[in-house]
Amino acid sequence: MKKKIMSWFASATMAFALAVPVALGVVGQAYAEWPEKPVKIIVPWSPGGITDTVARILAQAYSDAFGQQFVVENQPGASGNIGAEAVANAEPDGYTLLMTNPGAFVTNHFLYKNMAFSPEDLDVIVTVAKFPNALIVHKDVPANTVAEFIEYAKAHPGELSGASSGVGSSGHLSLELLKSMAGLDIVHVPYQGAAPTRVDLSAGRVQVVVDNIPGYMASFEDGSVKMLGVGTRERLEDFPDVPTIEEAGKLEGFQAIVWYALAGPAGTPDGIASKLNAATNEIMARDDIAGKMKNLHAIPMGGSREDAKAFIVEETTRWKAIIAAAGVEAK
């Protein structure tokens, strides 16, 4: 009897060992065949914004690359939380993706007390592109360099107004970063969106923003505002004469950018995530896509999934400290 049991066990073990590669092969084949139906990319913001524009550029490129339709679906609200939550709760099968700015992964769970999802509910696939914020002031502010602005602001504590498109927005947190690192007392004035922020800065009703460059191009051209420094670690190809805030203000480690990443629900199969990562890197290296990104004043990022995860850890450390120090809380 014992020999029969041992013989059965050995046979079962051998059968399992032979079946595992077959099973893995079937799973691998399933990922290789993905996508077999349309893929949805949720943008947690309204149509027409930068997030939406980047998502639509990539969606068309993915459709061409994979031979299957990639559709952008806008689900705005709650500073991006509604759309991000929809992806976090979706089936992790590669057919529901998220194009997000830092909110979903980095800042919102420090800004909002009651979040329906956490960053751990999402798997980052690849960082796509970054957009530099810049120190921009009204033309009448008596400063033409970052150093001069810091000196002037220190000499007039509480007298300057710094605008943003809302509490907890990239512009708000970038302003708080500048205030913290340079030791400045600037009154934050939150607006309901980017457009009224730009209007009031150009009119001189507020004096400073640390905000995204593309929206201010017309104001640079009409001379109503001045760009004193950029928030990237390197000077920009489009503005080679504008120094970084880090170098011009002697603020070591200063970096204020808006970045965009592609993500899926936690548990998205490695095979699918790896395919998307590789495809995105190839797409972002194409001349036609590079041209579209340049028109947006975007800097392509890309890299491995591990690079994306490490970048998010770095960004989380930076902004968690700033949000806590400034006591920023979104309603």
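Leaving aside residues up to four places away in sequence, glutamate 315 touches Val106, Gln255 and Trp259. Keep in mind that this is a predicted model. Glutamate 315 sits in helix H12, which covers residues 305–326. With a relative accessibility of 1%, it counts as buried, since the cut-off for that is under 20%. So what does the side chain of glutamate 315 meet in a polar contact? The partner is the side chain of tryptophan 259, and the contact spans 2.9 Å.

Now move over to helix H3, residues 81–88. Its buried residues are Asn81, Gly83, Ala84, Val87 and Ala88. Looking down the axis of H3, you find these buried residues within an arc of 165°, so they line one face of the helix. And what do the buried residues of H3 pack against? Strand S1 (39–43), strand S3 (96–100), strand S4 (122–138) and strand S9 (257–265) are all on the list, together with helix H4 (102–111).

On to the charged pairs. Side chains of opposite charge can pair when their charged atoms come close. Here the count comes to 14 salt bridges, and a few deserve a look. One of them joins the side chains of aspartate 52 and arginine 56, at 2.9 Å from N to O. These two are four residues apart in helix H2 (residues 50–66), so about one helical turn separates aspartate 52 from arginine 56. Are the two partners buried or exposed? Aspartate 52 is buried, at 4% relative accessibility, while arginine 56 is partly exposed, at 40%.

Another salt bridge links the side chains of lysine 139 and aspartate 140, with 3.2 Å between N and O. Lysine 139 counts as partly exposed, at 43% relative accessibility. Aspartate 140, at 56%, counts as exposed because the cut-off for that class is over 50%.

Last stop: the backbone. Most residues other than glycine have a negative phi, and most peptide bonds are trans. Which residues does a cis peptide bond join? Tryptophan 34 and proline 35 are the pair, with omega at about 0°. You'll find proline 35 in the loop between helix H1 (2–33) and S1, and S1 is one of the strands that the buried residues of H3 pack against.

Lysine 250 has a phi near 55°, which is positive even though the residue is not glycine. Lysine 250 lies in the loop between helix H9 (245–248) and S9, and it is exposed, with a relative accessible area of 74%. Histidine 297 also has a positive phi, near 60°, and again this is a residue other than glycine. Where is histidine 297 found? Look in the loop that runs between helix H11 (287–295) and strand S10 (299–300).

Notes: Residues are numbered from 1 along each chain as its sequence is written. This is a predicted model: local features need pLDDT of at least 70, side-chain atom pairs count only at pLDDT 80 or more; totals for chains, interfaces and linings use all residues. Side-chain values use heavy atoms; hydrogens and water are left out. Buried means under 20% relative accessible area, exposed over 50%, partly exposed in between (1.4 Å probe, protein chains only). The arc is that of the directions from the helix axis to the C-beta atoms. Contact means heavy atoms within 4.5 Å. A salt bridge is a side-chain nitrogen of Lys or Arg within 4 Å of a carboxyl oxygen of Asp or Glu. A polar contact is a pair of N or O atoms within 3.5 Å; within protein, one must be able to donate a hydrogen and the other to accept it, and residues adjacent in sequence count only if both atoms are side-chain atoms.
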